Amino acid sequence: MALARCSLCGRKDSLRNLKSACRCGKKSDDSRIHKECLAQRIHENEDPDSLPRCERCGDQYDVSVSYHFALSWSSFSSLRSLGHAFEFIVVIVMVIMCGFVLLTFQRTHQQRHAQQQQQQHYAANQRADDDVFAVRLVYFLFALTLCLV
């Protein structure tokens, strides 16, 4: 059975348990790594969007990353998740408040528009009533003039 050393942790293991995840690991057995060591390196990586690189060749490790989501009460009660929950609640409240403000402005605008239309309608009716009154006054004065003559 062939043995090789993990380039991340330094332990010797069989080639069957070590993977070649970069260019130099495919060329020599000295650059192979344990799957668990690589998973730990990925987990400890400061930039979650980039994969860690091989220290020898500088190539990104060739891996497929899968996520396993596990829910537990301890993950809900941690300060970090409580902070996220608080942020989520603040965002929801802000969205509701913005919707309320927009609806209030819309209703106010509709009421003002309706009042303006009523005022315009009232003014038009008032002008028409004034015109009818003026015509009747002219008729009355004309009839009075005819009676007096």
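Visitor: pLDDT is the predictor's confidence in each residue, from 0 to 100. So what is the mean pLDDT of the protein chain?

Guide: The mean is 78, and 79% of the residues reach 70 or more. This is a predicted model: local features need pLDDT of at least 70, side-chain atom pairs count only at pLDDT 80 or more, and totals for chains, interfaces and linings use all residues. Numbering starts from 1 along each chain as its sequence is written, and side-chain values use heavy atoms, with hydrogens and water left out.

Visitor: Which element has the lowest mean pLDDT?

Guide: Helix 3 (residues 73–76), at 62. Strand 2 has the highest, at 86. Where pLDDT is low, the predicted coordinates should not be read in detail.

Visitor: How much of the protein chain is buried?

Guide: 13% of its 149 residues. Buried means under 20% relative accessible area, exposed over 50%, partly exposed in between (1.4 Å probe, protein chains only).

Visitor: Which residues make up the largest nonpolar core?

Guide: There are 12: A4, C6, L8, L18, A21, C22, C24, I33, C37, L38, C54 and Y61. A nonpolar core is a set of buried Ala, Val, Leu, Ile, Met, Phe, Trp, Tyr and Cys residues joined through side-chain atoms within 4.5 Å.

Visitor: What does C6 touch?

Guide: R11, L18, R32, I33, H34 and C37, leaving out residues up to four places away in sequence. Contact means heavy atoms within 4.5 Å.

Visitor: H34, then. Is H34 buried or exposed?

Guide: H34 counts as buried because its relative accessibility is 3%. H34 sits in strand 4 (residues 33–34). Beyond its neighbours within four places, H34 contacts C6, C9, R11, D13, N17 and L18.

Visitor: And where is C9?

Guide: In the loop between strand 1 (3–5) and strand 2 (12–14). C9 counts as partly exposed because its relative accessibility is 35%. Outside four places in sequence, C9 touches H34 and C37. C9 and E36 are 27 residues apart in sequence, yet 9.9 Å apart C-alpha to C-alpha.

Visitor: Which loop holds D59?

Guide: The one between helix 2 (35–44) and helix 3. At 24% relative accessibility, D59 is partly exposed. Its contacts, neighbours within four places aside, are C22, R23, P52, R53 and C54. D59 and A21 are 38 residues apart in sequence and 9.2 Å apart, C-alpha to C-alpha.

Visitor: Switching to the surface. Which residues form a nonpolar patch?

Guide: F86, F88, I89, V90, I92, V93, M94, I96 and M97, with about 890 Å² of accessible area together. Accessible areas come from the Shrake-Rupley method with a 1.4 Å probe; for residues, only the protein chains shown count as cover. Patches take residues with over 30% relative accessible area and no salt bridge (a Lys or Arg side-chain nitrogen within 4 Å of an Asp or Glu carboxyl oxygen). Like charges are joined within 9 Å, nonpolar side chains (Val, Leu, Ile, Met, Phe, Trp, Tyr) within 5 Å.

Visitor: What is the relative accessible area of M94?

Guide: 45%, so M94 is partly exposed. M94 belongs to helix 4 (residues 79–148).

Conventions:
Helix = DSSP H or I, 4+ residues; strand = E, 2+ residues; numbered from the N terminus.
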